[in-house]
Every structure is written in structure tokens, then in C-alpha cells.
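Hello,

Here is the structure we talked about handing over. Please open it alongside this note; what I found follows below.

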Amino acid sequence: MVNAQDPPVTEVEEKRTRSGSFSVPKPKQLRPFNTCEVKILLLENVNETAVSAFKKQGYQVETYAKALVGEELIEKIRDVHVIGIRSKTKLTKQVLAEAKNLLAIGCFCIGTNQVDLQAAAKQGISVFNSPFSNSRSVAELVIGEIIMLARQLGDRNTEMHQGIWNKVSKNCYEIRGKVLGIVGYGHIGAQLSVLAEAMGMSVYFYDVLQIMPLGQAKPMESLDELLAISDYISLHVPETEETKNMIGDHEFAQMKEGAYLLNNARGTVIQIPALTKALQSGHLAGAAVDVFPKEPASNGPNFDYYPELLACKNLILTPHIGGSTEEAQRMIGIEVSQALTKYINDGTSLGAVNFPEIDLRAIREDDKNMVRVLYIHQNIPGVLREINAILADFNVEKQYSDSKGDIAYVMADIANVSEEHIKSLYSSITATRANIQTRVLY
């Protein structure tokens, strides 16, 4: 009830502003104290999403549509801070030795076998990739290949282009009710599993790890058992010493007569002569191959390594395009550029494949005179004692250290460091016996 003598309630008073119980300060934009403009080199037509993301950060970006090799690659890599590649550019130990300013490598793809990961780590160069972004694209390609093989569409298409009308139904099948065996039940294998079940296939898989199946998929205890029951075998394993040449004469002999093989994993997984023999003999009814032990460095009429294989019937050959869709490349561009940006700007190494993965919460805008020390060093005894002795005169707000093999990485946020002290702090840390690479952000 309002008393007549009370002052009137104004409209402004009715619209009371309510503030939250707390506000979150924004993260501070850090900058390196001793580095000039960040230079990015992107090769092999890396997606525009990455180019835009880097330019938005103010980085200097240079792009090439092709892979670089030899002296041309060495000349370009010498003064860049980050290089982005796909699968064709080879960053060997010799090439990396010339990259004196390189901080990080972005592999805008799944694999990282085109980079000497150990040599990169020893130089303090972190390597990032995108292990999951093209999973759907590869899985969809496999489904398309299964249907094409089952109906011999590759051969019928070639015949029609030659003016040959060849309407046949013999040895052409539906895929409903057939058994798909997946070797490697990771992100791609699992997505393929779901899609294949939706098409009416029964799915079995083999993996060296114990993985929970999706849907009705069933694990098998051995590769040979999987090969023996499957109408279609699809490979989705990484390139390791264990997977090189894993499918050869013995494995083809274990497969059903009239089965099909699909390889969208790594070219070294299959022994090409054994595959050729299995197709020529008719033991395999067909195959689809997207990756090869030897691949051309550039597009053009230069794929002539396997003439006997190319002559086989019901064989689908594609030029390593499993993840080559607009959607996948856009997602890869976003994922890898974000990881690289966080590493450059904040030192965050989460997602690095050759490096200790560490992170600290962001320095806030209201954290005055706070600096972040990023110290990459040899993983030898006594280093932390040395670095902590240098930091003893400062207030260490946050600190995190981890190691991977011969390399260790320390992140530390130091309070109350004036700009005059930054140079001496940097000099003291870089002078330590185990120093590989040191950055100070403020």
C-alpha cells in the first residue's frame, strides 16, 4: 500500500538496474617482448578459414597453393615463426635445422608422418594437427565406395565413357545384410560403423585397444577372425611400425573369396603387389584405394608407379582425397589455426603431438605487471632448481611443468615484473645450461 504522503515512484526507479554478484575480467592480450611481427607461411592451399584467423590476429601471412621442396622450402622457412602444411610438404631434420625462428608447425590434416617430430621437439618446435575434423568426410567416402564396388559402378562408368553399353547384374549386390569389417575403430571407424548400420550392414571391428562399440557393432579378438567373416574390409589405422605392410599375402588369403578391400588410411598399410595379385586372381572381387606408399608431390599426369594395379578390374583409385571436402577443410582450418594462435599468444600447448601438453589460466586485464615465462628445456636433472632460483626474487602466481621424452616445458606467471626487469629475466633464463627456447609474454 502506498501512503499518500510518500513521494511518487518514478519510472526510472521502477526500472532498477541489477548488477551481477561478480564480474569476470577479460583475458589480457599478451605480446612477446623480444619478437618482431609474427610471420606465418601456409603451403598446399591451406583453407581460407586459417588465413583469415591468422590475419585477424595481426600476423603476417604468406600462402602458396602447392608444396615446396628443396632449396625453395629451406629459403622460405628460414625466417618464419609458424609453417602450415598438409600431407605433401616434407619437414625433415635437415629442413628444420634451417628454421631458426620457427616456433610451431601446423599440420592441416590428420597425419604428422611428413614431419620429423623428434627433430622438431629437440629444437623446441611444437607440432599440431587435426585428428578428428575430417572423420565424417572419410566415413561418407567409404560408404560411397562400398556401394560402387558392390555394383561395379567404376567399370560401368568407364565403359559408358568409351561408348560401351554393358547392362549386367551378375556379381552385383545390395550391401544390405552384408558384413563390414573395420580395422581400427577410432573416430573414422566409429562414424563409418554408424553409417553402415543405417544402410543395413552388420558391423564387426578389430582394434588393438579395448573400445566401447557404437550401436550393434561387435569387436573381434584378432585381425584374422575379422578378415574371415567380412564381405568388406575397411582400413582405418595410423601409420606406425606395427601397421606398415600389415595387409599382405597372408591377410588376403584369410579373406573370403569375393570379398572387397578398402584403404583410406595410410598407403604403407597395404602391400601393393599382394593386392594386385589378389585382384588378378579373382580372390578379391574389388578394391578401393585412396592412399599409396608413393604419391606424387603435385597434381598432374604423373601417377605411374603401379601399372599392374591400374590394370585391375573393379578397382576404385582416388588421389588421397578422403578428407578433401569443403566442410572438412574448413573445420581443419579452424581447429589448427586456433591451436597455433593459442600457442603463439599464450604458450598453450594442448593438442601438440610431439610436446608436453600444458596450459595455465589466462592472465587477466587487471593483472598489472604480470608476465608469462615459457621455458622449453632439455629434460635433465636439476633444471627446475635452476629456473626456480632465477624466479626466487619474484612472486610466482602460477607455474606448471611437464615433460615428454627428452623435452620439458615450464609455464610460469610472474607478478610485479617491471619492463626494466623483463630483459634481465629473459637473459638469465636463456643462459641456463638446458635452455632450448625461451619466450616471455607480457
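**Salt bridges, a helix pair and a surface patch**

Arginine 156 and glutamate 159 are both buried. This is a predicted model. The two side chains meet in a salt bridge, at 2.8 Å from N to O. Both residues sit in helix H7 (residues 153–161), three residues apart, or about one turn of the helix.

Next, lysine 398 and aspartate 413. Their side chains also form a salt bridge (2.8 Å, N to O). Lysine 398 belongs to strand S14 (residues 395–404) and aspartate 413 to strand S15 (residues 407–415), so the pair ties together parts 15 residues apart in sequence. Lysine 398 and aspartate 413 are both buried.

A network comes next: Glu75, Arg78 and Glu98 are joined by salt bridges that share partners. Within it, glutamate 98 bridges to arginine 78, with the closest N and O atoms 3.3 Å apart. Glutamate 98 is in the loop between helix H4 (93–97) and strand S4 (104–107), and arginine 78 is in the loop between helix H3 (70–77) and strand S3 (82–85), so this pair links parts 20 residues apart in sequence. Glutamate 98 is partly exposed, at 28% relative accessible area. Arginine 78 is partly exposed too, at 34%. The count of salt bridges comes to 14.

Now the helices. The axes of H2 (residues 48–56) and H13 (residues 326–346) come within 7 Å and cross at roughly 30 degrees. H2 and H13 are therefore roughly parallel. The crossing is right-handed.

Last, the surface. Ile147, Met148, Leu153 and Met199 form a nonpolar patch there, with about 290 Å² of accessible area together. Isoleucine 147 lies in helix H6 (residues 135–150).

Best wishes

Key. Residues are numbered from 1 along each chain as its sequence is written. This is a predicted model: local features need pLDDT of at least 70, side-chain atom pairs count only at pLDDT 80 or more; totals for chains, interfaces and linings use all residues. Side-chain values use heavy atoms; hydrogens and water are left out. Patches are made of residues with over 30% relative accessible area and no salt bridge: like charges are joined within 9 Å, nonpolar side chains (Val, Leu, Ile, Met, Phe, Trp, Tyr) within 5 Å. Accessible areas come from the Shrake-Rupley method with a 1.4 Å probe; for residues, only the protein chains shown count as cover. A salt bridge is a side-chain nitrogen of Lys or Arg within 4 Å of a carboxyl oxygen of Asp or Glu. Helices (H or I, at least four residues) and strands (E, at least two) are DSSP runs, numbered from the N terminus. Axes are lines fitted to C-alpha atoms, for helices over the stretch in contact, and angles run from 0 to 180 degrees between N-to-C directions. Angles under 35 degrees count as roughly parallel, over 145 as roughly antiparallel, 65 to 115 as roughly perpendicular and the rest as oblique. A crossing is left-handed if the near helix is turned anticlockwise from the far one by less than a right angle, and right-handed if clockwise. Buried means under 20% relative accessible area, exposed over 50%, partly exposed in between (1.4 Å probe, protein chains only).
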